[in-house]
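Biologist: Could you walk me through this structure, starting with how the helices pack and then moving on to the charged pairs?

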Amino acid sequence: MGGVILIVDDEPLLARNIRTFLRNGGYEAETADCIAAALDRYRELQPDIVLIDHNLPDGTGLALIGEIRAQDRWTKLVMITAHGGVDVAVAAMKAGADDYLTKPVALDEIGILIGKLLRQAKMEKSLSFLRAREQTRSGLDRIVGQSPPVLQLKQRIRFLIQAERSGDTAATQPGPPVLILGETGTGKELVARALHFDGSRATQPFIEVNCATLPEQLVESELFGHERGAFTGAGDRKIGLFQAADGGTLFLDEVGELPPSQQAKLLKALEERVIRPVGGVRDRPINVRFVAATNAALEDRVRQGEFRSDLFYRLNTITLDVPPLRTRGDDVIAIAETFMAEFGRRYGRAGLRLSDGARRALVRHAWPGNIRELRNVIEQASLMCARDQIEDADLALREPAPLIAPAGRQPGDAIGLVDAERTLIVEALRQQGGNVTLAARRLGVSRDTLRYRMDKFALRRSDFV
């Protein structure tokens, strides 16, 4: 493992021995014998690690640590001293040192510590890169569109962020829970990311989990963690997602799919800001901003006993409604062009544009799958169109498949509008085995719309499973 190491020590023999040892180990190593020379060499080399003696001819190692740390948070700093023992070590750590060694020190011990610090530095830089990339892909500017419902949504997000930033305890206390509502594919995750990456917790973790994908028997362990031996197979202690998000934001997508058995623990975490791992004997405090999203009608689930009313009202403190794409007018063109630019770079199709016919087709389409469907349509067109201009024929716009006629009823039979609506819903649910999402897609309506009509006709999905 290569790396650049600067050794700051006024004992020439010791400094040369460490340098030789490190060079033999494959590192680039240089020396300096005072603070002034160390700062010059630091600016020249930009080292990965600096080994610093405490007593130097022109000052202390503590002063050098403070000066380097004030301008650089990445370089690993190690205090090596025979003076002061624990007091100097504590002072060094407070000044910004990453570790310390006490003279006399074995060369092998130095080698082990340098290897550990270089691995740590590599991981930290990778995490910083990933976090920076996440930040560039998030924020209010990533919510494309100028339609009235989108402008209203952005304004609500902006007000919420400004209120949190101006608070005295923004960094130490999480804001109230935010519930993001919207149909599947409308971009609820983008809203959650904007709240985090434009907010006061942007430098802290953003942890996302889809509740619908968690096996019911593992939900508690995933969210709250578990202690070693808490259950069969729990060979090691596991940190849950709440603890992983400590100081930052936990985004629970599809929160309506959370099993009723875990809703009480989630409510406790929200209200008391504590969690208890599976098998734990005490509560652990958490500092987590909680954001949830759902495309389900939670009020209906509360009435049906599938979702706790107290948890619903706690989540419902602040709600943000993400409008479906079909209500956003010409926003569909702006979003499509954003996707075209992305796919043009990815597939070497720079210069792609939409014909007038394609624009009309995009605006006219109902978009039951919302932005997710639009993205798929544009990606396919970007790959498959033979020219630089995408025509309406290049857009694979699929209308909902027609329903099979209900058994025993002929197309010409007299039927009232209300009866027809109920019959279509019942038949769609029956064909899809009670799966509301698939039934809604088959009917060409949103999941929320179908749930509203199921409630209207006193239909329960369990009747069709």
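**Helix packing and salt bridges**

Modeller: Helix α6 (residues 148-166) and helix α7 (residues 188-197) pack at an angle of about 30 degrees, and their axes are 10 Å apart; axes here are lines fitted to C-alpha atoms, for helices over the stretch in contact, and angles run from 0 to 180 degrees between N-to-C directions. Helices (H or I, at least four residues) and strands (E, at least two) are DSSP runs, numbered from the N terminus. Please keep in mind that this is a predicted model, in which local features need pLDDT of at least 70 and side-chain atom pairs count only at pLDDT 80 or more, while totals for chains, interfaces and linings use all residues. Residues are numbered from 1 along each chain as its sequence is written, and side-chain values use heavy atoms, with hydrogens and water left out.

Biologist: OK, so how are α6 and α7 oriented to each other?

Modeller: They are therefore roughly parallel to each other, since angles under 35 degrees count as roughly parallel, over 145 as roughly antiparallel, 65 to 115 as roughly perpendicular and the rest as oblique.

Biologist: Which residues in α6 and α7 meet?

Modeller: From α6, Leu153, Ile157, Leu160 and Ile161 meet Val191, Ala194 and Leu195 of α7, where contact means heavy atoms within 4.5 Å. The residues of this contact divide into seven nonpolar, no polar and no charged; Ala, Val, Leu, Ile, Met, Phe, Trp, Tyr, Cys and Pro count as nonpolar, Asp, Glu, Lys and Arg as charged, and the others, Gly among them, as polar.

Biologist: Changing topic, how many salt bridges are there?

Modeller: The count comes to 30 salt bridges, a salt bridge being a side-chain nitrogen of Lys or Arg within 4 Å of a carboxyl oxygen of Asp or Glu. In one of them, lysine 103 pairs with aspartate 9, and their closest N and O atoms are 3.2 Å apart. Lysine 103 lies in the loop between β7 (99-102) and α5 (107-136) and aspartate 9 in the loop between β1 (4-8) and α1 (12-24), so this pair ties together parts that are 94 residues apart in sequence.

Biologist: And is lysine 103 buried or exposed?

Modeller: Lysine 103 is buried, with a relative accessible area of 17%, and aspartate 9 also counts as buried, at 5%. Buried means under 20% relative accessible area, exposed over 50% and partly exposed in between (1.4 Å probe, protein chains only).

Biologist: What about glutamate 227, which residue does it pair with?

Modeller: Glutamate 227 forms a salt bridge with arginine 284, with the closest N and O atoms 3.1 Å apart, and both residues are buried.
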